[in-house]
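Hi,

Here is the structure I promised to pass on. Have a look at it first, and then read my notes below.

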Amino acid sequence: MVPAIRAALTALILAGSLTSTSAITQAMAAEEDFLPALGGRWTGGGTVITRIGSAPIRVTCDFDSKASARALAMSGRCRGLLVVRRAVSADITRAGARYAGSYTGPSGRPAALSGRRSGDSLDFSVRWSREINGDREARMTIRRIGQNGLQLRTLDRDPKTGKTVVTSDLTLRR
């Protein structure tokens, strides 16, 4: 092989490996920065349904979040119908690109969370401690909206129709 061609190929291979290493380093830095951006005091509201088929309840909520590169602890209260008041919390830890933890929603029952980050969202599988809406499975998304917005959404499957139903949809601001 001609030395000039060999040198050019070597340079291309090295550039490709440096780009890959750089992309991996950037991805890890993005994971390290994601949870801390969710820390702080959040207020807002949205809708919650207590059982699929029931009417949505408008709620207002307040949350306090403590966050580090590897953990998020969120606790708060949601109020609706002038008399309904529920504690809501989530404790999440990160190990590499995987996120896991627990969630206690308006039912007061704990659930296990397991998922990954996709862009500005944490996407979780939810495993309830007992049957809710006909099964023990649901989905949850915690999505960062800009620097000062947050959306918490849970989705479940209607046991009668098989369709996906939004069971809670909260939008919060700092």
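This is a predicted model: local features need pLDDT of at least 70, side-chain atom pairs count only at pLDDT 80 or more; totals for chains, interfaces and linings use all residues.

First, the disulfide. There is 1 in the structure, and it joins C61 to C78, with the two sulfurs 2.1 Å apart. In general, a disulfide is a covalent bond between the sulfur atoms of two cysteines. If you look along the S-S bond of C61 and C78, the angle about it is 110°, and the link is right-handed. As for where the two ends sit, C61 belongs to strand β2 (residues 57-67) and C78 to strand β3 (residues 71-80), so the bond ties together parts that are 17 residues apart in sequence. Are these cysteines buried or exposed? C61 is buried, at 1% relative accessibility, and C78 is buried too, with a relative accessible area of 8%.

Next, E31. You'll find E31 in helix α1, which covers residues 3-34. With a relative accessible area of 9%, E31 counts as buried, because the cut-off for that is under 20%. So which side chains does the side chain of E31 meet through polar contacts? One is Y99, at 2.4 Å, and another is R117, where the polar contact is 3.3 Å. Leaving aside residues up to four places away in sequence, E31 touches A69, R94, G96, Y99 and R117. That puts Y99 and R117 both on the list of residues touched by E31 and among the polar partners of its side chain.

Cheers

Note on methods
Residues are numbered from 1 along each chain as its sequence is written. Side-chain values use heavy atoms; hydrogens and water are left out. Helices (H or I, at least four residues) and strands (E, at least two) are DSSP runs, numbered from the N terminus. Buried means under 20% relative accessible area, exposed over 50%, partly exposed in between (1.4 Å probe, protein chains only). A polar contact is a pair of N or O atoms within 3.5 Å; within protein, one must be able to donate a hydrogen and the other to accept it, and residues adjacent in sequence count only if both atoms are side-chain atoms. Contact means heavy atoms within 4.5 Å. A disulfide is a pair of cysteine sulfur atoms within 2.5 Å.
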